[in-house]
Amino acid sequence: MKRIVVSIASLSVLAACIAPGSNLPDSALVRPGCYTVDLYDDPFRRNVVQPAKIGLPDSWNRYLGVWGEGAWNGGQCHEIHVTEVNQDGSVIVIDTVAPYESLRAESHRRTGRIDRNGRLIVPGTNGPTVYTFESGHLRGTRFRHVGGTDHVILNPKTDV
């Protein structure tokens, strides 16, 4: 229980911060055709993007879908599947990355949250990631537990 409280407190502090910018040009954070992993066919349809819920703000529902063609700091390919947005602001996300240098390909189902400023905050193994909308794309900033940040820009994918 203490771990959960500390994690929630950490995310609250993080949400109040303004994400520092990347030293890389935006063009380095996008990689068309960037591939991560294929999701398995889930008989419970947990990998399927659910319809937008009526009554939720459009700013929340617009996160729904598959976002990809991005590369963390211009290297490791990254994609997220936002499969469900709930009335309490919780969001179900499948977070995927490709193999890169010594890093393995990974896929994790995570529960994120939309904060009061409309940002999607997703906890992760190496630190939380904050996604914000910017000109039809998602800009992601991952705050590493060991210090520093990683950056990515994701495009909406329509071929899924």
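Start by selecting H81, which sits in strand 2. This is a predicted model, so take the tour as a walk through computed features. Is H81 buried or exposed? H81 counts as buried because its relative accessibility is 8%, and the cut-off for buried is under 20%. Now show what surrounds it. Leaving out residues up to four places away in sequence, H81 touches L39, G65, V66, I92, V93 and I94.

**Zoom out**

Show the whole chain as a cartoon. Follow the chain along its sequence and the pattern reads α-α-β-β-β-β-β-β-β-β. Of the 160 residues in the protein, 41% count as buried. Contacts are worth a thought here too: among those with a separation of 6 or more, 50% are between residues 24 or more positions apart.

The eight strands close into a barrel in the order 1-2-3-4-5-6-7-8, and the pairing is antiparallel. From one strand to the next, the twist averages 30°.

Where does strand 1 meet strand 8? Select residues 65-72 for strand 1 and 149-157 for strand 8; these two run antiparallel and are joined by three bridges. To see one of the pairings, click on V66, whose bridge partner in strand 8 is K157.

Next, move to strand 3 and strand 4. How many bridges do they share? They pair over eight bridges, in the antiparallel sense. Pick I92 and look across to strand 4, where its bridge partner is T111.

Carry on to strand 5, residues 120-122. Two bridges join strand 4 to strand 5, and the two run antiparallel. Here the pair to click is I114 and its bridge partner in strand 5, L120. Five residues lie between the strands of this hairpin, and G118 takes a positive phi near 85° there.

E101 lies in the loop between strand 3 and strand 4. Although E101 is not a glycine, its phi is positive, at about 50°. E101 counts as exposed because its relative accessibility is 73%, and the cut-off for exposed is over 50%.

Then jump to S135, in the loop between strand 6 (129-134) and strand 7 (137-143). S135 is not a glycine either, yet has a positive phi of about 55°. With 72% relative accessibility, S135 counts as exposed.

For the last stop, turn to the second largest pocket, which has a volume of about 300 Å³. Strand 2 (76-85), strand 3 (90-97) and strand 4 (106-114) are the elements that give two or more residues to the lining. Strand 4 gives the most, with three residues.

What classes of residue will you see there? Colour the lining by class and you get three nonpolar, eight polar and five charged residues. And strand 2, one of the contributors to this lining, brings you back to the strand where the tour began, the one that holds H81.

Methods:
Residues numbered from 1 in each chain as written. Predicted model: local features only at pLDDT ≥ 70, side-chain atom pairs only at ≥ 80, totals over all residues. Heavy atoms only, no water. Pairing = 2+ DSSP bridges. Helix = DSSP H or I, 4+ residues; strand = E, 2+ residues; numbered from the N terminus. Axes fitted to C-alpha atoms, helices over the stretch in contact; angles between N-to-C directions. 1 Å grid on protein atoms, 1.4 Å probe; cavity = no way out; pocket = protein on both sides within 12 Å on 5 of 7 lines; lining within 4 Å. Points joined across faces, edges and corners; volume = space filled by probe spheres on them. Nonpolar A, V, L, I, M, F, W, Y, C, P; charged D, E, K, R; others polar. Buried < 20%, exposed > 50% of the residue type's maximum accessible area, 1.4 Å probe, protein only. Contact = heavy atoms within 4.5 Å.
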